[in-house]
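The sequence and the model are shown first, and the description follows.

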Amino acid sequence: TGDLSRGITGRGFWSSRLAFIMAATGSAVGLGNVWKFPYITGENGGGAFVLVYLLCIAVLGLPILMAEVLIGRRGGHSPVNSVRLLASQSGLSGRWAWMAGMGVLAAFLILSFYSVIGGWAVSYVGTSLSGQFTGQDAEQIGALFSGLLADPGKLLLWHSVFMGMTMLVVARGVRGGIERAVTILMPTLFVLLFIMVGYAITTGHFGEAVAFLFWPDFSKLTTEGMMMALGHAFFTLTLSQCVMVAYGSHLRKDVSIASTAVTVSVLDTVVALLAGLAIFPIVFSNGLEPGAGPGLIFQTLPLAFGQMPFGNLLATLFFVLLVFGALTSAISLLEPVVEWLEEKKGMNRFGSTLIAGGCCWLLGVGTVLSFNEWSGFTPLDMFATFEGKTLFDLLDYLTSNIMLPLGGLLVAVFVGWRMSRKALEEELSLRGPWFGLWYGVLRYITPVAVITVFIYNLL
Ligand code: PFF
Ligand code: NA
């Protein structure tokens, strides 16, 4: 299989294992950790949901992350072509490439609303800079946020700014800049989250928050909650969207896929838990509602900043870092769509970025309006599962709860049941029982778990 050797395709490599970890972590760590994890944890009653989520990361997310990086590195091409190449080597139909196609579609849909939420974070950079949090109480901070949501013009502006920044980076070709920026910004975000947790400890409600997050009360766990935990494990690790496949194709042969995947999963999980530990003490000490929904971090953290020494400075820094985390994730979402257009339609990079980003921006307008003008527009009310869901809710549900787990299932079947075991052993080169463990989980546990949750939810 000489044609699989990297150099022939003429593609670049990550300069080191660390560079890959940084880029993959940059894609993984984003709004999913700081914005989404805390609010869905709040909506689903805490501990039991968190436990299921952690299980999903360990038993589904990590093995699939390894499988995706493996597909990329073994294939050595763009995601679609890597899958096609590996399928043909195993005598399989070229239709497996559709799996990658669905991933690209999921990336496109997710980016459309991700950019709107990224826009909220951009707007909060300005709010922090102008010192508007100082001395405000929960009600005033809440009003600040509702004011933003109620104003489609503002939301549209910030959504456009965020999407514009993403497009700018992607159009200019990305890797060098991202590698360097992420190396500095990720650790800073960590430090800042630690400071926030430190502040949260002083609220006197830290114990309550720890109990909320880690004491499982299974009576609060619904089937929809389990489905959200499953979906979020995929969302947060940026799985099923060709991103990790694409990144894997730039990974050197001598780097261990397993240990890098473990590192990325652990870092991602730590950021999510830190965000939870920073936010829930503020929720409880101010008598706020844990299930407040998508606005949770925007209604809690500013309260804390408003009471801290150097609060405005720290708030500004925090939202700048959040924007950066969101941006590195957004870039990784737009990149596969752009590469797909380049490859399929033969467009140049500038044109395909303009078209992909433009369409995504347009779809994002639907999400913008979901929070105000169209908040009563719930088009799929006739189906019980979708009742009361706005356009934003539907996009989120369709991608996280359906498309991503389905993509994960396909990856597990493709790698676990269709690729040759010898190729996998060669690619992972794991010692002792580890290979067998990964292989067994990917072949049996992953498909069974995903299918069970699907069927459970249908009934
Ligand atoms: N994984 C990133 C996050 O948790 O914020 C961003 C992201 C990328 C989310 C891709 C979802 C996704 F499908
Ligand atoms: Na994440």
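Helices (H or I, at least four residues) and strands (E, at least two) are DSSP runs, numbered from the N terminus. The structure is a predicted model, in which local features need pLDDT of at least 70 and side-chain atom pairs count only at pLDDT 80 or more, while totals for chains, interfaces and linings use all residues. Residues are numbered from 1 along each chain as its sequence is written, and chains are lettered from A and ligands numbered from 1 in the order in which they are written.

Pro 79 belongs to helix α5, which covers residues 79-89. A residue is called buried if 20 or more other C-beta atoms lie within 10 Å of its own, exposed if 12 or fewer, and partly exposed in between, with C-beta atoms placed from the backbone. Pro 79 is buried, because 30 other C-beta atoms lie within 10 Å.

Two residues are in contact if their C-beta atoms, placed from the backbone, lie within 7 Å. When neighbours within four places in sequence are left aside, Pro 79 is in contact with Ala 100, Gly 103, Cys 242, Val 245, Ala 246 and Pro 336. Pro 79 and Leu 334 are 255 residues apart in sequence, yet 14 Å apart in space from C-alpha to C-alpha.

## The loop between α11 and α12

Cys 242, one of the contacts of Pro 79, lies in the loop between α11 and α12. Thr 238 is found in that loop as well. Most residues other than glycine have a negative phi. Thr 238, however, has a positive phi of about 55 degrees although it is not a glycine, and phi of Cys 242 is also positive, near 70 degrees.

Both residues are buried: Thr 238 has 28 other C-beta atoms within 10 Å, and Cys 242 has 33 C-beta neighbours inside 10 Å.

## The shell around ligand 1

A residue counts as near a molecule or strand if its C-beta atom, placed from the backbone, lies within 6 Å of it. Ligand 1 is surrounded by Ala 28, Gly 30, Leu 31, Gly 32, Asn 33, Ile 110, Phe 235, Thr 236, Thr 238, Gln 241, Ser 329 and Leu 333. Helices α3 (31-43), α11 (223-236) and α15 (311-345) each supply at least two residues of this shell, and the largest share, three residues, comes from α3.

For classes, Ala, Val, Leu, Ile, Met, Phe, Trp, Tyr, Cys and Pro count as nonpolar, Asp, Glu, Lys and Arg as charged, and the others, Gly among them, as polar. The shell has five nonpolar, seven polar and no charged residues.

## Helix α15

Helix α15 has 35 residues and reaches 49 Å from its first C-alpha to its last, close to the 51 Å expected; the expected span is 1.5 Å times one less than the number of residues. Because 26 of the 35 residues are buried, α15 is largely enclosed by the rest of the structure. The helix is followed by Gly 346, whose phi is positive, near 65 degrees.

Val 323 lies in α15 and counts as buried, with 24 C-beta neighbours inside 10 Å. Not counting residues up to four places away in sequence, Val 323 touches Gly 118, Ala 121, Val 122 and Val 125.
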